[in-house]
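Take a first look at the model below.

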Amino acid sequence: MYAQMVKSTGTGVKSLDEMEPEERAFQEKVDADIRIEARDWMPEGYRKTLIRQIGQHAHSEIVGQLPEGNWITRAPTLERKMILLAKVQDEAGHGLYLYSAAETLGVTRDEMTEMLLSGKMKYSSIFNYPTLTWADIGAVGWLVDGAAIMNQVPLQRTSYGPYSRAMIRICKEESFHQRQGYDIMMKMAKGSEAQKRMAQDALNRFWYPSLMMFGPSDANSVHSEQSMAWKIKINSNDELRRKFVDQTVPQAEYLGLTVPDDTLAWNEEKGGYDFAEPDWDEFFDVLKGAGPANHDRLEARKTAWDDGAWVRDGLTAHAEKKRTAKVAAE
Amino acid sequence: MSKEWPLYEIFIRGQHGLSHRHVGSLHAPDAETAIKNARDVYTRRNEGVSIWVVEAAAITATAPGDKGPIFEPSESKIYRHPTFYDIPDEIGHM
């Protein structure tokens, strides 16, 4: 889940009777699972909320390349290096699919980049944690991509056509990401004592930040109701978090690793695990910019954008020159 | 801010000889670069054998509001489908 705390601009959920005919026709389409397309009528709040949500998701894919890119030159084997390169390249593609989807709503790609760099738009809190060891690359694939899949699979059915199609493409590629991560974890967990310790340490550090990816608890999730009525959010934060824990704990057990939660216990009655909530104060601090790597991540994006400006401008100038020469020759 | 690169729509022909199909879009300074970028983004897993790129601004589309007058007339013309006609079983496959 790469979109957290997306502010919904709707003013409470209206009933069909309270809506003007245009909005009622729109909501009835959403209710009937008919996709909304770029040029269809849509409420302004729907458009704005989607730009925020898809934009945040796109930024997360791009910023998410940084913690992993950190290990490309230090991957332990050539094969691991090629795999990691392929994964990071996928993330760039995922960012592109999502930026394209957001652009259909009337915002340009450069505007979105500027909003990220000025802090007006956010990216997922998870990417503000550093990747300190090679085992972190395993943990990121296994837990972070695992949590992302949990959210992205239902979003394939979201009401906005371009967003839904982007999610379908992304989900097709995402499974490789999680499996390569778990593959790294298996290698480490079945390796030397030192490797096992690294794997456990990575799980310790990434467990709670991964749980935070689903956003605050439902009781504190103020914008959910409208987003759910619009079907741009399909499941509640707590529901997805529970699903993630139920799926992940047995995978940790298989690795012989311990989930860093003393209260974790199987609850026969509800058919799921009881588990501790993450530290929500930490979550809000990281969102506000006080996480361990916030500064570095934004600086890296700014540097890439500023230092790349002459390349973008040069290619534009070259394309214009060619176009002019072609017209002159005709 | 610099001038933004134009948007290109990308079409890929898959392995099995079917038509080019719209797969997404991307920004590029010109068509040649759009093809190179499309190769990197949309054919990383053997998805295609041919790429078309078209500047998005060059596409003319039907308006959502015209859906009724344009597409509804074909709904009532069920005789355009083979299942409209009852052919006796003894004729065999037709």
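This is a predicted model: local features need pLDDT of at least 70, side-chain atom pairs count only at pLDDT 80 or more; totals for chains, interfaces and linings use all residues.

Residues are numbered from 1 along each chain as its sequence is written, chains are lettered from A and ligands numbered from 1 in the order in which they are written, and side-chain values use heavy atoms, with hydrogens and water left out.

Start with the interface. Chain B brings 22 residues to the contact and chain A brings 23. Contact here means heavy atoms within 4.5 Å. The size of an interface is often given as the accessible area lost when the parts come together. Between chain B and chain A, the buried area is about 2,100 Å²; buried area is the accessible area (1.4 Å probe) lost by two parts on being put together, summed over both. Carbon and sulfur atoms give 46% of that area.

Seven salt bridges cross the interface of chain B and chain A. A salt bridge puts a side-chain nitrogen of Lys or Arg within 4 Å of a carboxyl oxygen of Asp or Glu. Arg45(B) pairs in this way with Glu173(A), their closest N and O atoms being 3.4 Å apart. On chain B, β2 and α1 each supply at least two residues of the side that touches chain A. Helices (H or I, at least four residues) and strands (E, at least two) are DSSP runs, numbered from the N terminus.

Now the pockets. A pocket is an open set of points on a 1 Å grid over the protein atoms alone, where a 1.4 Å probe fits, with protein on both sides within 12 Å along at least five of seven lines; lining residues have an atom within 4 Å of a point. The largest pocket has a volume of about 1,500 Å³. Its lining holds 45 residues, and those nearest its centre are Arg165(A), Glu9(B), His22(B), Val23(B) and Gly24(B). The largest share of this lining comes from α7(A), with seven residues.

The second largest pocket holds about 950 Å³ of space. Here 31 residues form the lining, with Leu96(A), Arg109(A), Arg312(A), Trp5(B) and His27(B) nearest the centre. Five residues come from α4(A), which gives the most to the lining of the second largest pocket.

Technical notes
Grid points are joined across faces, edges and corners, and a volume is the space filled by probe spheres set on the points.
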